[in-house]
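Please look over the sequence and the model before reading on.

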Protein chains: 2
Amino acid sequence: MSAPRPVYDPSWDRANPNEVRRSIRERGYTGYTAGLAPGFVQANICILPKDWAEDFLLFCQRNPKPCPLLTRSDVGDPSLPALSDNIDIRTDVPRYQIFRNGEFTEEVTDIRSHWRDDLVTFAFGCSFSFEEALQDDGIPLRFLANNNVAGVYVSTMPTEAAGPFEAPLIVTMRSFTPQNAIRAIQITSRFPNVHGAPVHIGDPAQIGVDLAKRYQNVGDPTVGEGEIPVFWACGLTPQFAVMKAKPPFCITHAPSSMLVTDLRNSSLAVM
Amino acid sequence: MSAPRPVYDPSWDRANPNEVRRSIRERGYTGYTAGLAPGFVQANICILPKDWAEDFLLFCQRNPKPCPLLTRSDVGDPSLPALSDNIDIRTDVPRYQIFRNGEFTEEVTDIRSHWRDDLVTFAFGCSFSFEEALQDDGIPLRFLANNNVAGVYVSTMPTEAAGPFEAPLIVTMRSFTPQNAIRAIQITSRFPNVHGAPVHIGDPAQIGVDLAKRYQNVGDPTVGEGEIPVFWACGLTPQFAVMKAKPPFCITHAPSSMLVTDLRNSSLAVM
């Protein structure tokens, strides 16, 4: 299950999202997607049987901050025309994880043999998009320099349940100087489709978070001297809700190996 | 010097900025302007001799957060057409304070006898405008309910000097729940012409502020349980710079008795 590291292959254009997907689909690229097609939206993927899709869509509608749904496919349709006219969700993600009854069973690089006519694909925006906007503004994200991600925590903030789907709000923590925290609130407010503005700032205990206790030990828990922790809703929230609901069958992208789309990050900004 | 309290007089329309100015000009109203002409911009006023105006304008240009200049008059011209086609700055402020060589000398209700052909009027936006936007969004400002103002502090944050004008950044403190603090940053970011986004959030000591030590004992220093203090640049900064520069002659509005304009608060929002 340890992720294959991307190997530099000069034969394809890493800046072009269509070329990235083609390398995944046809040339066996199975690595991380961070750094590929810079400036383009990468999406979290969750594929569920039709019988579970209505309640899950409602869960997303009720909890837009942790579940920033970019698009939902038609039933059984492996295309995602809202993200590109050239996506086949069965082949275009580097690695997939398959869950049965809420339990991880296997990781695969192609789901054509698992595809069914009743499957529905949900594609979510992720914080990569707003992290790019923060970096473009010169706001340091220390964990990126360390090849890490933001610290992830299970908070005591609630989400609104829908059918079998319920979860605590899972949050990511990024730490800034106070002035950069204010700027980060401004910048991420422009991106409601990728988690948007923070859900909390300051004392972690107010939302039931102990910075030393990360969810699945993921990410950087460091708060530097004179910095203030800022918390955003995290896309692991819907995944947590799905695992808890234990649908008989579910497919997700493998962590850090996401769907590269043709949407520009800047197109998600509301202004 | 204690301010006369406004007396309710049903004979004039307190909702109409033009009527408010007429009552000040012709009917002897000399009270506070808070609550008059709701929804319309009230301006801080500073009147200086022409010889001091260029450097003061540069100080404002260099420090837009504490010095959100709405308009500057022509030399010797008592009108302010950018704020209304019907303003005479010599009569339309309820009470004025006159300073000579940086020292307060007298408070008057009319400056026609003090007017000179070399005087230049500076009109600044003030936080009343964004406080209205915060209240309209349902964000509590406890001090308003107590007929008080935000706590005022001299910070160690610098401003950029211009000629004889220099000052530390004076700040106002408002305290919120973390979620309301995030919302307040969003809302005030829309109002760059009335101080805009905060300059600091969290630990007051980081900007040299002790919440118990207010500037001239002005305002509410309270930070409630579970709240986070948020700091904005304050319009007393340019006034402080003027007093420190000791121009031979200067006229300002008296505290809380401001110029009521025809501009709507919402017109100052950049989006």
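How many residue pairs are in polar contact between chain A and chain B? The count is 8 residue pairs, with both residues at pLDDT 80 or more. The model is a predicted one, and the values below are computed from it.

**The interface between the chains**

Chain A contributes 17 residues to the contact, and chain B contributes 17 residues. Between them the two chains bury about 1,300 Å², of which 68% is on carbon and sulfur atoms. Of the area that chain A buries against chain B, 34% comes from Ile182(A), Ile185(A) and Ile201(A), more than from any other three residues. On the side of chain A that touches chain B, helix H5 (178-189) and strand E8 (200-201) of chain A each supply at least two residues. H5(A) gives the most to that side, with 6 residues. Across this interface the rule finds 0 salt bridges.

**Salt bridges**

Over all chains, the count comes to 30 salt bridges. The table lists some of these pairs.

| Pair | N to O distance |
|---|---|
| Asp88(A) and Arg90(A) | 2.8 Å |
| Asp110(B) and Arg112(B) | 2.6 Å |
| Lys213(B) and Asp210(B) | 3.9 Å |

The partners can be described by their accessibility. Asp88(A) counts as buried because its relative accessibility is 18%, under the 20% cut-off. Arg90(A), with a relative accessible area of 23%, is partly exposed. Asp110(B) is also partly exposed, with a relative accessible area of 23%. Lys213(B) counts as exposed at 61% relative accessibility, whereas Asp210(B) counts as partly exposed at 37%. In chain A, a network of salt bridges links Glu19(A), Arg22(A), Glu26(A) and Arg27(A).

**Helix H2 in chain B**

Helix H2 of chain B has 13 residues (residues 50-62), which should span 18 Å at 1.5 Å a residue; the end C-alpha atoms are 19 Å apart, which agrees. Which residues of H2(B) are buried? They are Trp52(B), Ala53(B), Phe56(B), Phe59(B) and Cys60(B). These residues cover an arc of only 125° around the axis, so they lie on the same side of H2(B). An α-helix has 3.6 residues a turn, so residues three or four places apart point the same way. The face of H2(B) turned away from the buried side carries the exposed residues Asp51(B), Glu54(B) and Gln61(B).

**A buried threonine in chain B**

Thr261(B) belongs to strand E11 (residues 259-264) of chain B. Is Thr261(B) buried or exposed? Thr261(B) counts as buried, because its relative accessibility is 0%. Its side chain reaches the backbone oxygen of Val41(B) at 2.8 Å. A polar atom of the Thr261(B) side chain also lies 3.1 Å from the backbone nitrogen of Leu263(B). Leaving aside neighbours within four places in sequence, the residues in contact with Thr261(B) are Pro17(B), Arg21(B), Phe40(B), Val41(B), Ala43(B) and Leu83(B).

**A leucine in chain A**

Leu58(A) lies in helix H2 (residues 50-62) of chain A. With 32% relative accessibility, Leu58(A) counts as partly exposed. Leu58(A) and Glu107(A) are separated by 49 residues in sequence and by 28 Å in space, C-alpha to C-alpha.

Note on methods: Residues are numbered from 1 along each chain as its sequence is written. Chains are lettered from A and ligands numbered from 1 in the order in which they are written. This is a predicted model: local features need pLDDT of at least 70, side-chain atom pairs count only at pLDDT 80 or more; totals for chains, interfaces and linings use all residues. Side-chain values use heavy atoms; hydrogens and water are left out. Helices (H or I, at least four residues) and strands (E, at least two) are DSSP runs, numbered from the N terminus. The expected span of a helix is 1.5 Å times one less than its number of residues. Buried means under 20% relative accessible area, exposed over 50%, partly exposed in between (1.4 Å probe, protein chains only). The arc is that of the directions from the helix axis to the C-beta atoms. Contact means heavy atoms within 4.5 Å. Buried area is the accessible area (1.4 Å probe) that two parts lose on being put together, summed over both. A salt bridge is a side-chain nitrogen of Lys or Arg within 4 Å of a carboxyl oxygen of Asp or Glu. A polar contact is a pair of N or O atoms within 3.5 Å; within protein, one must be able to donate a hydrogen and the other to accept it, and residues adjacent in sequence count only if both atoms are side-chain atoms.
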